[in-house]
Amino acid sequence: MNSQSMWIIIIGGMIVTYIFRSSFIVFLKNGNIPIVLFKSLRFTPAVVLSALIMQMLVKNGEAVQLSINNPRIIAGIIAIIIAWKFHNTGLTLITGMCSLWLFTFIIK
Amino acid sequence: MNLRKTIVNTSLVSGFKDQLPYNLGVIPYGVVFGAYAISIGISPVQAISFSLLVNAGSAQIAALGLFLDNINPILIIFSIALINLRFMLYSASLAVKLYKLNSYWKLLLSYWLTDTTFLLILNKCQLDNPNEHKWYYFGVAFGQWSAWELSCVLGVLLGPVIPASLSLGFALPLLFISLLMGHLSSKPMVVSAITSGILAVVLINLPNNFGLFFSILIGILVGLFIEQKQKTNRSTIPL
C-alpha cells in the first residue's frame with residue numbers, strides 16, 4: 001500500500017477519535033446519555049482488546065497457526081497468567097518477550 | 001490574583017506528579033509504535049503525524065497491523081473508531097465535571113482525553129471547582145501527551161537500529177494483555193471478553209477482518225445479556 005492511503009487513515013482516524021473525545025464534553029450540557037448506550041460502551045474496551053489479542057497470538061507472520069508449535073501462543077498464555085496474577089505492565093512485557101525468544105529458539 | 005496563581009500552580013503540579021508513574025507504561029509503548037511504524041515502511045513524518053493527530057496508542061498500533069495486512073483504509077478507520085469508542089464513555093463521564101469551562105478549554109482537554117487521563121481525573125476531581133479541575137487535568141494530560149509524543153520520536157529514531165529477529169512487534173499483544181486485565185472487573189466483563197476472544201479466532205479467515213467486527217458485537221451482546229440475567233436473579237432473592 002502507498003503513503004496516500006496512510007494519510008487517509010491518519011486523517012480519518014483523527015476525525016473519528018476527536019468526535020468521540022469531544023462528543024459529550026463539548027456538546028452536551030448535563031452529561032446524560034441513554035442507558036443502553038452507556039452499558040454497551042462499558043464492554044467495548046475488554047471485548048475489543050480480547051479479540052485483537054487472540055488474533056495477534058494465533059497469527060504467525062501472515063499465516064494462521066493454531067498449534068503448540070506457534071511460539072506466540074505459548075508466550076501469550078504465559079503473559080496472560082503473569083498479567084492476571086501481578087497486574088504489572090513491565091513484568092508482563094519482559095516475561096512475554098523472553099518467553100517468545102526462548103520458545104522461538106527451542107521450536108526452531 | 002495571587003490566590004488564583006497558587007491554585008493554578010498547585011493543581012498543575014499535582015496533576016503532573018500524579019501521572020508520572022504512568023509514564024513508565026507510556027514510554028515503551030511509544031517507542032514500540034515508532035519503531036514498528038518505521039519497520040513496516042511508514043515514513044518518519046507520517047509516524048509522528050499519526051501520534052500528534054490521533055494521540056491514541058492502541059488504535060494507532062492496531063491500525064499499523066491492519067495496514068500491513070493490506071486492509072482497505074476505510075475499514076481501518078472503522079477499526080480505529082471501534083477501538084476508540086470508549087472515549088465517548090469517558091467524555092460522557094467527564095462532561096459533568098467540565099461543563100462550566102469555556103469552549104477553548106473544552107476543545108483542548110478533549111484532544112488530551114486518554115485512558116490514564118480519564119482514570120486520574122475521575123479519581124481526583126471530586127470538588128466542584130472547575131478552575132482546579134482544568135489545571136489538574138492540564139498537568140496530567142500534558143505529562144502523558146509529551147511522554148507519548150517524545151517516545152514515538154525516539155522509536156522512529158531507533159527503528160532502523162532494532163533488528164527484526166527480536167520481534168518487538170510482539171510487545172503490542174503483551175501491552176494489550178496487560179491493559180485487558182484492568183477491564184475484567186466483573187463476571188459479565190470476563191465472559192464477554194472470552195466470547196469475543198474465541199470468536200475472533202474462529203472467524204479469523206473471514207474477508208476484510210469482518211470476524212473482528214462480529215466477535216466484538218457478539219461479545220458486547222453476551223455481556224449485556226449476562227448482566228441483565230444477574231440483575232433479575234438478584235431481584236428475585238427474598239429479603
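Let's start with B:Asp69, which is partly exposed, with a relative accessible area of 28%. Partly exposed here lies between buried, under 20% relative accessible area, and exposed, over 50%, using a 1.4 Å probe and protein chains only. Please keep in mind that this is a predicted model, where local features need pLDDT of at least 70, side-chain atom pairs count only at pLDDT 80 or more, and totals for chains, interfaces and linings use all residues. Residues are numbered from 1 along each chain as its sequence is written, chains are lettered from A and ligands numbered from 1 in the order in which they are written, and side-chain values use heavy atoms, with hydrogens and water left out.

So what does B:Asp69 meet in a salt bridge? The partner is the side chain of A:Lys59, at 3.0 Å, N to O. A salt bridge means a side-chain nitrogen of Lys or Arg within 4 Å of a carboxyl oxygen of Asp or Glu. Side chains of opposite charge can pair when their charged atoms come close. The pair crosses between chains, from strand E1 (residues 59-60) of chain A to the loop between H3 and helix H4 (73-84) of chain B. Helices (H or I, at least four residues) and strands (E, at least two) are DSSP runs, numbered from the N terminus. A:Lys59 is partly exposed too, with a relative accessible area of 23%. Over all chains, the count is one salt bridge.

Now for the wider interface. Between chain A and chain B there are 16 residue pairs in polar contact, both residues at pLDDT 80 or more. A polar contact is a pair of N or O atoms within 3.5 Å; within protein, one must be able to donate a hydrogen and the other to accept it, and residues adjacent in sequence count only if both atoms are side-chain atoms. On the side of chain A that touches chain B, H1 (3-27), H2 (35-58), H3 (71-86) and H4 (89-107) each supply at least two residues. The largest share, 22 residues, comes from H2(A). By type, that side of chain A has 42 nonpolar, 20 polar and seven charged residues. Ala, Val, Leu, Ile, Met, Phe, Trp, Tyr, Cys and Pro count as nonpolar, Asp, Glu, Lys and Arg as charged, and the others, Gly among them, as polar.

How much area is buried between chain A and chain B? About 7,000 Å², with carbon and sulfur atoms giving 77%. Buried area is the accessible area (1.4 Å probe) that two parts lose on being put together, summed over both. A:Arg21, A:Ile25 and A:Phe43 supply 12% of what chain A buries against chain B, more than any other three residues.

Over to chain B, which has eleven helices and zero strands. Of its 239 residues, 53% are buried.

Beyond H3(B) comes B:Asn70, with a positive phi near 60°. Then B:Asn72 caps the N-terminal end of H4(B), with a side-chain oxygen 2.8 Å from the backbone nitrogen of B:Ile74. H4(B) is mostly covered as well, with ten of its twelve residues buried, including B:Pro73, B:Ile77 and B:Leu82.
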